[in-house]
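Welcome! Please take a slow look at the model shown here, and then follow the short tour below.

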Amino acid sequence: MRELDVRWRDAVRELGGAHGPGDLADRYAEPHRGYHNTDHVLAVVRDVNVLAEADNRTARERAVLTLAALAHDVVYDGEPGEDERRSAEWVRERLAGLPEADDVADLVLATVNHTSDDPLTCLLLDADLAILGSDPATYERYRTAVRTEYAHVPDDAWRTGRANVLRTLAQREPLYVTRQARERWEARAKANLAAELSSLGDPP
């Protein structure tokens, strides 16, 4: 069985359900996904569980976080905001009847604006940005993979748009909301963001 499906089934079982993953794995294997694919979602699952364990979260909370991490990019058509809303709808329907279905969907919806005052939600949002604090080689693979998803965008427009995104992230103080994430990734992430901005001719 594929790891995505195993992670899903284990989390659902922890919540007392038996809801199958449906087309979860097939969606993340869609050919147009350069970065928002199986590798990314599994990394978010692993990272959010690391943060949750360090934060002494319950097994139920970790299961909810795992399901939200698995579902947060299940719809990815390059339509920011709409993708997240449709992903939330997908997981709410998939978990229909499970008391935690709305909790999972709300976590997915929080990735639209990537801001929240809810401590549990912040664990997911920080895990989703963990890639920014990776080693330089991994960060370069991430940068290249994101560019492939926007291969249809001309270079000049890409540099402008990408620089705007990176600058917004670089100016967040702190970048990561939770203490656990800051300790693990903050310094490296700020260095990676600054390096990529410089490569785009737009120093932070």
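Predicted model: local features only at pLDDT ≥ 70, side-chain atom pairs only at ≥ 80, totals over all residues.

## Before we start

Residues are numbered from 1 along each chain as its sequence is written, and side-chain values use heavy atoms, with hydrogens and water left out.

## The second largest pocket

A pocket is found on a 1 Å grid over the protein atoms alone, as an open set of points where a 1.4 Å probe fits, with protein on both sides within 12 Å along at least five of seven lines; its lining residues have an atom within 4 Å of a point. Its volume is the space filled by probe spheres set on the points, and grid points are joined across faces, edges and corners.

The second largest pocket holds about 370 Å³ of space. Its lining has 18 residues, and Tyr35, Asp39, Ala43, Ile131 and Thr138 are the ones nearest its centre. By class, nine of the lining residues are nonpolar, five polar and four charged. Helices (DSSP runs of H or I, at least four residues) are numbered from the N terminus. At least two lining residues come from each of α3 (38-54), α7 (119-128) and α8. The largest share, five residues, belongs to α3.

## The largest pocket

How much space lies in the largest pocket? About 970 Å³. The lining here is made of 33 residues, with His36, Glu84, His114, Tyr150 and Val165 nearest the centre. Two or more lining residues are given by each of α5, α8 (136-149) and α9 (155-170). With eight residues, α9 gives the most. Sorted by class, the lining of the largest pocket has 15 nonpolar, 11 polar and seven charged residues.

Now to the way helices pack. Axes are lines fitted to C-alpha atoms, for helices over the stretch in contact, and angles run from 0 to 180 degrees between N-to-C directions. Angles under 35 degrees count as roughly parallel, over 145 as roughly antiparallel, 65 to 115 as roughly perpendicular and the rest as oblique.

Helix α5 (residues 82-94) packs with helix α6 (residues 101-109) at an angle of about 165°, and their axes are 8 Å apart. The two are therefore roughly antiparallel to each other. Their crossing is right-handed, a term used if the near helix is turned clockwise from the far one by less than a right angle. In contact (heavy atoms within 4.5 Å), Glu84, Arg85, Ser87, Ala88, Val91 and Arg92 of α5 meet Ala101, Asp102, Val104, Ala105, Asp106, Val108 and Leu109 of α6. Seven of these contact residues are nonpolar, one is polar and five are charged.

The axes of α8 and helix α10 (residues 179-199) come within 11 Å and cross at roughly 50°. These helices are therefore oblique to each other. On the α8 side, Pro136, Tyr139 and Arg143 make the contact, and on the α10 side Arg188, Asn192, Leu193 and Glu196 do. This contact has three nonpolar, one polar and three charged residues.

Helix α4 (residues 59-71) and α7 pack at about 40°, with axes 10 Å apart, and are therefore oblique as well. The contact joins Glu61, Leu65, Ala68 and Ala69 of α4 to Leu120, Leu123 and Leu124 of α7. Six of the contact residues are nonpolar, none is polar and one is charged.

## Two spots in the loops

Where does Pro174 lie? Look in the loop between α9 and α10. The peptide bond from Glu173 to Pro174 is cis, and its omega is near -5°.

Finally, find Asn56 in the loop between α3 and α4. Phi of Asn56 is near 60°, a positive value in a residue other than glycine.

Key:
Nonpolar A, V, L, I, M, F, W, Y, C, P; charged D, E, K, R; others polar.
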